[in-house]
Amino acid sequence: MTDAPRLKRAAQIASSSAADLPCVGHWTPARCQRDCGGRIFTVTQEADGGEAEGARALAGALLNNDTLMYFSIGSNAIGVEGAKSMATAVEKNKALKLVDLSENDLGAEGCMLMAKAATQNTTLTTLDLERNEIGRAHV
């Protein structure tokens, strides 16, 4: 069962202004602003595939967001197609410091896309791609 609407909703939230942006499971802007100033965004929920559409929506939101510094969508099964969209966003977003795409079924191709994008981003300090099954040949 896929849950693309959940990631699409997350994309709507991520494209909000900093004053409206909830994070880290807060999902209420007032608490988020109090706790972290709208700089952290986390959507983690085990999914079983089909999340590329939601990842595309999130990537679009990241392209226009200059507030987020920490972005985590681990365990969402975005796959290679989702990685393609996220790579463009990570390359162009100059506010991000940490991106967590662990356990997203990226495979070697998706991880390579993300690694290449990270080299083009001067503010990114951490890119978490663990548990994406890249295989021994690509280690």
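In helix H3, the buried residues are Ala52, Gly54, Ala55, Leu58, Ala59, Ala61 and Leu62. The model is a predicted one. An α-helix has 3.6 residues a turn, so residues three or four places apart point the same way. The length of H3 was checked against its residue count. Its 12 residues should span 16 Å at 1.5 Å a residue, and the C-alpha atoms at its ends are 16 Å apart, so the two values agree.

The largest nonpolar core comprises 23 residues. Within this core, Phe71, Met86, Leu96, Leu101, Leu106 and Met114 have the most contacts. At least two core residues come from each of H3 (52-63), H4 (79-92) and H5 (107-119). H4 gives the largest share, with five residues.

Leaving aside residues up to four places away in sequence, Leu106 touches Ile78, Gly79, Val80, Ala83, Leu101, Cys111, Met114, Leu129 and Asn132. Two of these partners, Leu101 and Met114, are also listed among the core residues with the most contacts.

Backbone angles were considered next. Most residues other than glycine have a negative phi. Asp105 is not a glycine, yet its phi is positive, near 55°. Asp105 sits in the loop between strand S3 (98-100) and H5. Arg131, also not a glycine, has a positive phi of about 60°. Arg131 is located in the segment after strand S4 (126-128). Arg131 counts as exposed because its relative accessibility is 60%, where exposed means over 50%.

Notes. Residues are numbered from 1 along each chain as its sequence is written. This is a predicted model: local features need pLDDT of at least 70, side-chain atom pairs count only at pLDDT 80 or more; totals for chains, interfaces and linings use all residues. Side-chain values use heavy atoms; hydrogens and water are left out. A nonpolar core is a set of buried Ala, Val, Leu, Ile, Met, Phe, Trp, Tyr and Cys residues joined through side-chain atoms within 4.5 Å. Buried means under 20% relative accessible area, exposed over 50%, partly exposed in between (1.4 Å probe, protein chains only). Helices (H or I, at least four residues) and strands (E, at least two) are DSSP runs, numbered from the N terminus. Contact means heavy atoms within 4.5 Å. The expected span of a helix is 1.5 Å times one less than its number of residues.
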